Amino acid sequence: MSPSDNNLGLYVHIPFCHRRCHFCAFYLEIARPDPMARFHSALIQEIALHRRQDSLNGRALQSIYFGGGTPTSLPVNQLAALLTLIRATWPTSPTTEITVEAHPTSVTERDLTVLADAGFNRISFGAESMTDKDFASIGRFGQVQDTAAAVQAAHRAGFENINLDLMYGLPGQLLQDWIHTLESLMTLTPSHISCYALTIEEGTRLAQDITRNLVLPPDDMLQLDMESAAEHFLAEAGFSRYEISNYAKPDYACRHNLLYWTDGEYLGLGPSAQSYLHGIRFGNIADLEAYTASLNDNHLPMTDRTILSASERQRDALVFGLRLLRGVPRKTIKAAERDHQIDELVAKGLLDTDRDRVRLTSLGRRYADTVAEQLF
Amino acid sequence: MQSLIRNFSIIAHIDHGKSTLADRFLEATGAVTAREAKEQILDAMDLERERGITIKAHAVAIRYKAQDGKTYALHLIDTPGHVDFTYEVSRSLAACEGALLLVDATQGVQAQTIANVNLAMANHLTIIPVINKIDLASSDIEGTKHSISEVLQLDAADALPISAKEGKGVPEVLEAIIARVPPPSGDPQAPFKALIFDSWFDNYQGVIVLARLVDGSIRPGMKIKVMSNNRTFEVMEVGQFTPKRTKKTELLTGEVGYLCANMREVADVKIGDTLTDAVLPTSAPFPGYKEVKPLVFCGLYPTDTGRYEDLRDALVKLRLNDSSFVYEPETSLALGFGFRCGFLGLLHMEIIQERLEREYNLTLLTTAPTVVYRLLTTKGEVLEVNNPSQLPPPSSIDSFEEPFILASIITPERYMGAILQLCQERRGIQKGLSFLDPTRVMISYELPLNEVILDFYDKLKSRTQGYASLDYEVLGYRNSDLVRLDILLNGEAVDALSFITHKDRSVQRGRQLAEKMKELIPRQMYEIAIQAAIGSKIVARETIGAMKKNVLAKCYGGDITRKRKLLEKQKEGKKRMKAVGSVEVPQEAFLAILKVGDE
């Protein structure tokens, strides 16, 4: 497969939030007017430099994804203008999936209408839970009713592709709370749901609270029960699980995120954003000041850069492709020269194969990283 | 002329300035110009340089015009500087008539120095005390003289104060060598007889031997014989290192130099052996030759089982240069195909391992070091065992013996308690304790060698902040109440983890080891039971709980970057892992025994 045959997406990292949630380890800054203005002009410069360098060789974008942070920390008109600039810079098509992430309390119905009119056709809300008592320990502001209101407003504004991010295994969350969250969501008729097992990242407030015994760490067994409850409940509701943490109504799998697991290519803009183009992985510096300084200097704000050999690309395609429930084609395994390891993992009950594909078993999904370690 | 030859060595503790003084001699005599003078010319190998110690002995011939107007041939024979190489040191000293005793004026006499001075006295050498580093503010010349005369029973009245670093006092040392060291005796008319004190393998010419001519002379074309094995060779080339290798037409009585004689293996010409004329052999070999026996053994396994042949090739090549280590193939149920290797001591073991990894690009898995045990079976056979897993069942062992050493430790007085404690913990029997001066004490202990090879030296260093010095001599075998402790992972004994320990400490050791293994083995998909057993009796048990899940929740752009870095790191770590049954065991776990016992 030559690189130009791959799907191509654009990711824009908007590194601002009004507050940082206790579990969050992403690069972000607290939203304040000055840095946001500097970021905005630097981002425009970054797009301009990529256009000059023709980084994408004139190829069309299958997806555009505004993530964060909270992209809607920026004024929606600015987001709309940025999208217009991007579409003037790189070709898109009417089917291009264009996502914006939002915090339910950060958008009004008017804002959502502006975003929809600007061309965003998918919106992803950080719902996290539908039980108010879950919010305090993770430092998530807002209330469940804000989520409901925002999703309904998004529908009215014209979004029919709506994702809700959820977390399970939150401190104090019981299995029945989790099922309640799932049930409550259904009245909001999302098309896509992401269910993330709460993970304690080093250096976060939550990690500190656990060390100080203020909060109990997640219980692995309970999280496994919650995962299987979600899978069953969502299947009943017409959502199929297509990736370890992702569920979608038919034809609503996130095209942008699929790039990450199918050896697709992506260009990342904004501080800390990662890119994978022409077999090279590179990343932007995770610091707003350095990011803007570099761009003011007419330099792309790249930090590390890894050139992958053909076999490393195949290996990565295999390792990350296995996160998809449909697995990977057998030819990827051949190309990555991992037949022997695959046989061992099949023998251990972690992988399942048929004539065409290899995929994780349900046991394998519990130990997807163990499998990744064996195959890397 | 024999009367114009002086053969001498320098006895010094590590870092007391031996190499620097040797460099000054070469410069002072014009053998090397200052520009050519690389730091520490005699230490050729990288590893030696890095560790600041001299492993292989070397010999340099220097021409020196003395104040009496005559030109003398000075032969400086360098000696290895570590406790593991006592025999090599003794043979280098046997090739000399004199020795400079070089003592750091800021540190005084150290344990190893005492041992080497004793070796020099046993070889009837003239000893010239030299006090180095007098340029340093903290130097104590009088105190150092005092300790030389008290500790070493040497007359230190005319000890020479020098600064090798600044070159101060160096000419006086050269004159003292001429004046005090006797010229070599020996009969030029007698049949050729020479003492081998070093040899190494040269890719081009085969083995190069360093020898001291005792009687007669040698020139190319002569047939010579190695006395211990009666092998004969024709001499191809003789010469000296000046320090450049310089061919000569012959070597004469009393001289020190090299010879090449188409020898293929250093094992043919062992240190301490005697060379003689094959046609007119001497009747009396040079005394003191012995076969050096490895004291410490361990298993070496390639982590990549496909590289077994590469490891064997590397061992063959290394042994060309070092006949004092031995190896034989061995198979471990846990580790697959590898080699059991024997070394002179722990440092020697580390050096060989490091060279295998560095020079031959191998990644090795090492089992815990062990000594050679001797046991009497109920059938009356005597067995020597250098691998705990080869031990016969306890019911067929009548009695058990293990090697003991006499350790001499010199330490500042303030660490005395820590050292006595350490020696007691290691089943030591105190043999002596005396103050060398108001602040330093010499402690001697009889210790089982197996307790010493388990990180005794590291512990000694850490408990004394590096101030204690250690030397030892082997005393021989003694009866001991020993048992084998086995480690079982998920019910299966792991042969590479078995070790032999004293019965009184076995249960505690087993418990500590099981605890340590629990720390070192990462959690895996299934529960892992770690048990320590003596025979069929389980003495300790630990459990590593199963990892319930191992899966990243989010895996998008930035997550992929982080995950790839983590996977890279884990892949590196995996190279040092061995699958034992279904359990992945990291290298450190095979050496866990080195990490327990004192906490």
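**View 1. Helices H3(A) and H5(A) cross with right-handed geometry.** This is a predicted model. Helix H3 of chain A spans residues 109–118, and helix H5 of chain A spans residues 144–157. The two pack at an angle of about 45 degrees. Their axes lie 9 Å apart. That angle makes H3(A) oblique to H5(A).

**View 2. Side by side, H3(A) and H5(A) meet through these residues.** H3(A) brings Glu109(A), Leu112(A), Thr113(A) and Ala116(A). H5(A) brings Ala150(A), Ala153(A), Ala154(A), Arg156(A) and Ala157(A). By class, the contact has six nonpolar residues, one polar and two charged.

**View 3. The largest cavity holds about 110 Å³ of space.** The model has eight cavities of 30 Å³ or more. In the largest, 14 residues form the lining. Nearest its centre lie Val319(A), Arg323(A), Ala368(A), Asp369(A) and Ala372(A). The lining has 11 nonpolar and three charged residues, but no polar ones.

**View 4. The second largest cavity has a volume of about 60 Å³.** From chain A, its lining takes Tyr168(A), Ala197(A), Glu227(A), Ile244(A) and Ser245(A). From chain B come Lys549(B), Val551(B), Leu552(B) and Ala553(B). Six of the lining residues are nonpolar, one is polar and two are charged.

How values were computed: Residues numbered from 1 in each chain as written. Chains lettered and ligands numbered in written order. Predicted model: local features only at pLDDT ≥ 70, side-chain atom pairs only at ≥ 80, totals over all residues. Heavy atoms only, no water. 1 Å grid on protein atoms, 1.4 Å probe; cavity = no way out; pocket = protein on both sides within 12 Å on 5 of 7 lines; lining within 4 Å. Points joined across faces, edges and corners; volume = space filled by probe spheres on them. Nonpolar A, V, L, I, M, F, W, Y, C, P; charged D, E, K, R; others polar. Axes fitted to C-alpha atoms, helices over the stretch in contact; angles between N-to-C directions. Helix = DSSP H or I, 4+ residues; strand = E, 2+ residues; numbered from the N terminus. Parallel < 35°, antiparallel > 145°, perpendicular 65-115°, else oblique. Left-handed = near helix turned anticlockwise from the far one by under 90°. Contact = heavy atoms within 4.5 Å.
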